Amino acid sequence: MMSADENITLVTGANRGMGFEIAKELGQKGQHVIIGARNLGKGQDAIEQLTHLGIKADVVQLDVTNPSSVKQAAQTIETNYGYLSILINNAGAVFDFRQAASTINLDDVRQDFEINYFGLIDVTEKMVPLLKKSSRAKIINISSMMGSKTAALDPSSTVYRAVAVGYQSAKAAANMYTVQLAKEFINAGVPITVNAIDPGMVATEFGGVSPEVSKAHGGLPVSEGVARTVELATDSDSTITATFSNIDGNVGW
Ligand SMILES: NC(=O)c1ccc[n+]([C@@H]2O[C@H](COP(=O)([O-])OP(=O)(O)OC[C@H]3O[C@@H](n4cnc5c(N)ncnc54)[C@H](OP(=O)(O)O)[C@@H]3O)[C@@H](O)[C@H]2O)c1
């Protein structure tokens with residue numbers, strides 16, 4: 001069991017991409033990071049890289065779409081640490097590309113929701129009891145401007161022409177879950193803040209493209225994509241809640 005003043009931070013989907021970068025940067029700032037990885041071997045490779053950098057990091061097997069994996073991960077964290085300070089719901093994926101809303105394949109939409117919405121809720125529900133054991137805790141949901149209805153209706157927005165109906169709907173739903181959870185905690189006096197983040201378009205392997213191709217299409221460096229998340233995760237005031245923001249400030253839901 002660790003002392004409750006040490007920040008214990010769980011990042012889901014953290015063996016690569018933005019999740020890995022978030023874990024690395026928070027680890028470099030002194031947080032004890034737990035990497036959630038659906039493939040334990042890939043998670044262990046990530047831990048090796050982090051421990052080389054002098055970061056305190058462990059891995060937990062965590063497939064956010066598998067309820068027994070989520071339950072087991074929460075039990076492991078309870079046993080090994082006793083509490084959690086920060087939960088970063090980062091695991092996400094897109095299964096539908098440019099399908100018209102009137103004919104979209106429902107199985108693709110269900111897959112979008114399994115990871116980006118139901119998985120996020122399941123992980124959150126299982127981790128809240130551990131977050132409640134911290135004097136102050138945070139939940140940060142990695143959303144997307146793609147989930148903003150304000151942006152989808154704004155011709156000057158970079159995502160105005162984007163069409164990934166299932167993914168966008170799942171991120172929009174996750175945004176509403178963020179709002180409702182934040183309000184529940186405010187009303188109940190529970191000291192857990194809940195916020196959604198728009199990372200921007202970031203050059204990872206997201207959507208099955210290579211980071212190089214994404215970069216050529218304007219994808220930001222990963223360090224820029226995680227900047228707002230790292231800022232919120234290290235904000236010692238921890239009073240900001242129920243917001244949707246990027247590095248430039250709050251964005252429309
Ligand atoms: N890249 C962008 O431009 C962008 C823009 C806005 C928002 N986002 C959001 O940012 C977050 C991170 O995206 P990214 O660009 O870093 O993506 P990425 O490079 O594709 O990485 C996704 C991560 O999620 C993991 N993952 C996939 N399915 C999972 C599951 N069922 N359970 C647990 N982990 C799972 C992957 O693990 P494996 O290695 O096992 O596949 C990987 O570690 C996502 O929520 C995404 O929607 C991305």
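Modeller: A residue is called buried when its relative accessible area is under 20%, exposed when over 50%, and partly exposed in between (1.4 Å probe, protein chains only). This is a predicted model, in which local features need pLDDT of at least 70 and side-chain atom pairs pLDDT 80 or more, while totals for chains, interfaces and linings use all residues. Residues are numbered from 1 along each chain as its sequence is written, and side-chain values use heavy atoms, leaving out hydrogens and water.

Biologist: Thanks, let's start with helix 2. How far apart are its end C-alpha atoms?

Modeller: Helices (H or I, at least four residues) and strands (E, at least two) are DSSP runs, numbered from the N terminus. The expected span of a helix is 1.5 Å times one less than its number of residues. Helix 2 covers residues 40-52, and its 13 residues should therefore span 18 Å. The model agrees, as the end C-alpha atoms are apart by 18 Å.

Biologist: Within what arc do the buried residues of helix 2 fall?

Modeller: The buried residues in helix 2 are G43, A46, I47 and L50. Viewed down the helix axis, they line one face of helix 2, because they fall within an arc of 105 degrees. The arc is taken over the directions from the helix axis to the C-beta atoms, and its value is 105 degrees.

Biologist: Which exposed residues does the face turned away from the buried side of helix 2 carry?

Modeller: On the buried side, the cover includes helix 1 (17-28), strand 2 (32-37) and strand 3 (57-61), where contact means heavy atoms within 4.5 Å. The face turned away from that side carries the exposed residues E48 and H52.

Biologist: And the ends of helix 2: which residue caps the N-terminal one?

Modeller: A polar contact is a pair of N or O atoms within 3.5 Å; within protein, one must be able to donate a hydrogen and the other to accept it, and residues adjacent in sequence count only if both atoms are side-chain atoms. Helix 2 is followed by G54, whose phi is positive, near 85 degrees. At the N-terminal end, a side-chain oxygen lies 3.0 Å from the backbone nitrogen of G41, and the residue that supplies this cap is N39.

Biologist: On to charges. How many salt bridges does the structure hold?

Modeller: Side chains of opposite charge can pair when their charged atoms come close. A salt bridge here needs a side-chain nitrogen of Lys or Arg within 4 Å of a carboxyl oxygen of Asp or Glu. One of them joins K24 and E21, with the closest N and O atoms 3.6 Å apart. The number of salt bridges is 7.

Biologist: In helix 9 (residues 227-233), how far apart in residues are R228 and E231?

Modeller: Their side chains meet in a salt bridge at 2.5 Å, N to O. R228 is buried at 12%, while E231 is partly exposed at 41%. Along helix 9 they are about one turn apart, a separation in residues of 3.

Biologist: Finally, the ligand. Which side chain has an N or O atom 2.5 Å from an oxygen atom of the ligand?

Modeller: Around the ligand are 27 residues, of which R16, M18, R38, Y167 and T204 come nearest; a residue counts if one of its heavy atoms lies within 4 Å. A polar backbone atom of G13 is 3.1 Å from a ligand oxygen, and a polar side-chain atom of R38 lies 2.7 Å from one. The side chain with the 2.5 Å distance is that of T204.
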